[in-house]
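Let's take a walk through a protein chain together. Keep the picture in view and follow along as we go.

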Amino acid sequence: MILISKYLVPKGYTGLAIFPFVFLKFKRFKKDKVLINHEKIHLKQQLEFLIIPFYIIYVFEFLCRLFQYKKWNMAYRNISFEREAYLNETNFYYLKQRPFWAFLKYFRTHDI
């Protein structure tokens with residue numbers, strides 16, 4: 001389910017996935033198929049981890065990446081969950097062929 005909330009989506013971001021919802025900053029983003037696909041990848045990741053553990057791992061990895069890169073955006077972009085979503089957001093068949101826990105492949109790949 002896609003909801004619009006310019007206040008819930010943090011400044012500098014266009015969308016946010018919190019199972020089972022996708023929150024978009026503005027209504028016009030509903031037509032952005034790449035953004036929607038990116039957020040659907042996150043929903044799938046959240047399901048694999050039974051939701052709450054996903055957020056714990058996400059925050060922990062973000063803090064590790066922030067220590068590693070010392071820059072907020074670099075840390076965010078290099079979280080394994082984000083790497084997977086960014087690198088596959090334009091592949092609209094990705095979720096149909098995606099293996100279980102596919103994010104692990106992106107845990108130790110090169111920086112983006």
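What percentage of the 112 residues in the chain is buried? Buried residues make up 39% of them, where buried means under 20% relative accessible area, exposed means over 50%, and partly exposed is in between (1.4 Å probe, protein chains only). Before we go on, a word on the source: this is a predicted model, in which local features need pLDDT of at least 70 and side-chain atom pairs count only at pLDDT 80 or more, while totals for chains, interfaces and linings use all residues. Residues are numbered from 1 along each chain as its sequence is written, and side-chain values use heavy atoms, with hydrogens and water left out.

Now for the parts list. The chain has five helices and three strands; helices (H or I, at least four residues) and strands (E, at least two) are DSSP runs, numbered from the N terminus. Starting from the N terminus, the order is β-β-β-α-α-α-α-α. The radius of gyration is 14 Å, close to the 13 Å that the globule rule gives for 112 residues, so the chain is as compact as a globular protein of that length. That radius is taken over C-alpha atoms, and the globule rule is 2.2 Å times the number of residues to the power 0.38.

Look at the strands next. They make an open sheet of three strands in the order β1-β3-β2, with mixed pairing; two strands pair if DSSP finds at least two bridges between them. β1 (2-4) and β2 (15-18) stand at the edges with a single partner strand each, so one side of each has no neighbour in the sheet. β1 and β3 (residues 21-24) run parallel and are joined by three bridges.

Touching here is a contact, meaning heavy atoms within 4.5 Å, and for the angle, axes are lines fitted to C-alpha atoms, for helices over the stretch in contact, with angles running from 0 to 180 degrees between N-to-C directions. Several residues of α1 are buried, including Leu35, Ile36, Ile41 and Leu43. The buried residues of this helix pack against β1, β2, β3, α2 (52-69), α4 and α5. At the start of α1, a side-chain oxygen of Asp32 comes to within 3.2 Å of the backbone nitrogen of Val34.

Most residues other than glycine have a negative phi, and most peptide bonds are trans. The bond from Phe19 to Pro20, though, is cis, with omega near 5°, and Pro20 sits in the loop between β2 and β3. After α1 comes Leu50, with a positive phi near 60°. Ile51 also has a positive phi, about 70°, although it is not a glycine; you'll find Ile51 in the loop between α1 and α2. Ile51 counts as partly exposed because its relative accessibility is 25%. Lys70, in the loop between α2 and α3 (72-77), has a positive phi of about 65°. Lys70 is exposed because its relative accessible area is 61%.

Our last stop is Thr90, in the loop between α4 (80-88) and α5 (94-97). Is Thr90 buried or exposed? Thr90 is exposed, because its relative accessible area is 55%. Thr90 still touches Val34 and Asn37, not counting residues up to four places away in sequence.

Conventions: A polar contact is a pair of N or O atoms within 3.5 Å; within protein, one must be able to donate a hydrogen and the other to accept it, and residues adjacent in sequence count only if both atoms are side-chain atoms.
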